[in-house]
Amino acid sequence: MGGFPPTPEQADIVDAAVARQNLVVSACAGTGKTATLEMIAGHIAPRQGTFIAFGRDIAAEARSRFPSNVVCKTAHAFALAATPTPLKERFFAKRGAHHGKDVARILGITDGYRSEAIDLSPNQLGMLAREMKSWFCKSDSRDMVWQHLHPEALPGGCDAKEREHLGRMLLPWAKKIWSDTQSPNGVFKYSFEDYLKRYQLSSPRLPGDIILFDEAQDASRVIADIVRQQTNAQKIFVGDEMQAIMGFTGAVNAMAGHDGRRLALTQSFRFGPHVAAVANLFLSMLGADLRVKGFEPIKSRLTGIAAPDAILCRSNGGVIGEVMEQLKIGRRVATPGDGAEIRALAQAAMQLQAGQATEHPELFMFKKWEDVKEHCDTDPSAKGLKVFVKIVDDFGAGAIMSMTERLVKIGGKRTDPYDVLVTTAHKSKGLQFPKVRIGDDFPAPSEDPDDEFDDAELMLAYVAVTRAQHELSIGSLGWVLCPPPTPTPQERNEIQFA
């Protein structure tokens, strides 16, 4: 994008920003969002402003490109800088109790909880109290209440009445954990969510009089509230509301609640018309107002890909299966985090198979491996976990652990060369690759016309297909083409196969 004149859409956005208008910019996939924000930063000087980036890499890129009148950081970086030294030392030391048995011991939890639906040990109650504090930290609340016992933290069979009962029982313990984290002499582990929540509660003031808020469609409630507190600043919220895929973490679409003039970026510079046509099928199903335009000079195509640069899966189980297949044919494989999540899942499976408790966040509510399998057989929402269970049963948790040792290390400052990156669609957000193959574990809509397909699945599919620059192998998302879901005649004609 550097050196190119602004598109008419970009020019309109820059003009509105210079005129000090609050804006909501809907930016489709690959449409030069960062370049547009850079243009704004260059045109508002000598005014001072803040660019709140979604991640450290984006913030670092922005610092290298934006003029000095705009401070480019993540919200966590602002929060850490404002954290008192003793609490910073606690954070960097990474010490303190966080295992369920230690939390239960310190809180004095000696009895479990049993009802007709669930049976929880003292250690599990300690972990739930810790999770309750964590959901409070993710919220925009100023006080912890029993509702911060999030439904996703609870085992199946726990209804609303029992959740309230548990929440009220756990609340004093969760408050004790939170109070401890704010003391220099605390004994519980001090984490990034603790210092960010502390920052939000301090009613901070960000630098300058204009806020550029990136990825606002997936804002954590606590960060959205920090931005909301900047009452005297011009605010420009930027994101793609059709890529709001982080709701399971507590994220919200801050763009929906921002009172600003709505403008759009629809000209993609990442991929050509054929990939754009597939993306627009998902946008059509989502009822989106916008359609993304492919970049004509890029001759993208839908085709089979023997050697993809990236394989995008729906679940961690799907990632494990694809990694095994790629290693089998001799390719150098990498995953984000160097396989740490895969190892943690495999280790948790080994513990449950041995009849031991695990503290893995996806599995800590189960007492044995058979309980996990029963859950997968009876809960339709456990499709991703079911893929993982099948792989464990077919190959063994030990083989999965060994597999992670063969992954190319890409973490830290050094990145070794690799042939293919295998990751989930969630983790692919913000990335792009020349050749992308979609994995085999994405769900398809039910044939029952009364079953509505989850919008979250459609958004995730849209994110996945728009990571491709030149070649896309659509894999388990191919159902969108057979037949197309009520596209316009023009959209149907634009889809071509190599």
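This is a predicted model: local features need pLDDT of at least 70, side-chain atom pairs count only at pLDDT 80 or more; totals for chains, interfaces and linings use all residues.
**Stop 1: the cavity**

Start inside the protein. A search of the whole structure turns up one cavity of 30 Å³ or more. The space in this largest cavity comes to about 90 Å³. Rolling a probe the size of a water molecule over the atoms is what shows where such empty space is left.

Select the lining next: N316, V319, T335, P336, G339, E341, I342, V422, T423, T424 and K427. Colour these residues by class. Four are nonpolar, five are polar and two are charged.

Now show the secondary structure around the cavity. Helix 12 (316-328), helix 13 (340-353) and strand 12 each supply at least two lining residues. Which element gives the most to the lining? Strand 12 does, with three residues.

**Stop 2: T424**

Stay at the cavity and centre on T424, one of the lining residues. T424 lies in strand 12, which covers residues 420-424. Is T424 buried or exposed? Its relative accessibility is 7%, so T424 counts as buried, the cut-off being under 20%.

Display the contacts of T424, leaving aside neighbours within four places in sequence. The partners are C313, S315, N316 and V319.

**Stop 3: backbone checks**

Switch to the backbone and go to A45 and P46. The peptide bond from A45 to P46 is cis, with omega near 10 degrees. Look at the setting of P46: the loop between helix 2 (33-43) and strand 2 (49-53).

Select R20. Its phi is positive, near 65 degrees, and R20 is not a glycine. R20 is in the loop between helix 1 (8-18) and strand 1 (23-27).

Then select E215. Here too phi is positive in a residue that is not a glycine, at about 50 degrees. The loop holding E215 runs between strand 6 (210-213) and helix 10 (221-228). E215 is buried, with a relative accessible area of 11%.

**Stop 4: aromatic pairs**

Show the aromatic side chains. The structure holds nine aromatic pairs. Take F91 and F92 for a closer look. Their ring centres are 5.2 Å apart and their planes meet at 65 degrees, so the pair is edge-to-face. F91 is buried, at 17% relative accessible area, whereas F92 counts as exposed, at 54%.

Move on to F282 and W479. The ring centres of F282 and W479 lie 5.8 Å apart with planes at 85 degrees, so this pair is edge-to-face as well. What does the pair tie together? F282 lies in helix 11 (residues 273-285) and W479 in the loop between strand 14 (468-473) and helix 19 (489-494), so the pair ties together parts that are 197 residues apart in sequence. Both F282 and W479 are buried.

Ring pairs link F91, F92 and Y195 into a cluster.

**Stop 5: charges over rings**

Finish with two lysines. Select K138 and W135. The charged end of K138 sits over the W135 ring, 4.3 Å from its centre. Then select K197 and F136. The charged end of K197 sits over the ring of F136, 4.6 Å from the ring centre.

Notes
Residues are numbered from 1 along each chain as its sequence is written. Side-chain values use heavy atoms; hydrogens and water are left out. Helices (H or I, at least four residues) and strands (E, at least two) are DSSP runs, numbered from the N terminus. Buried means under 20% relative accessible area, exposed over 50%, partly exposed in between (1.4 Å probe, protein chains only). Contact means heavy atoms within 4.5 Å. On a 1 Å grid over the protein atoms alone, a cavity is a set of points where a 1.4 Å probe fits but cannot get out, and a pocket is an open set with protein on both sides within 12 Å along at least five of seven lines; lining residues have an atom within 4 Å of a point. Grid points are joined across faces, edges and corners, and a volume is the space filled by probe spheres set on the points. Ala, Val, Leu, Ile, Met, Phe, Trp, Tyr, Cys and Pro count as nonpolar, Asp, Glu, Lys and Arg as charged, and the others, Gly among them, as polar. Rings of Phe, Tyr and Trp (its six-membered ring) pair if their centres lie within 6.5 Å; planes under 30 degrees apart count as stacked, over 60 as edge-to-face and the rest as tilted. A charge sits over a ring if NZ of Lys or CZ of Arg is within 6 Å of the ring centre and within 35 degrees of the ring normal.
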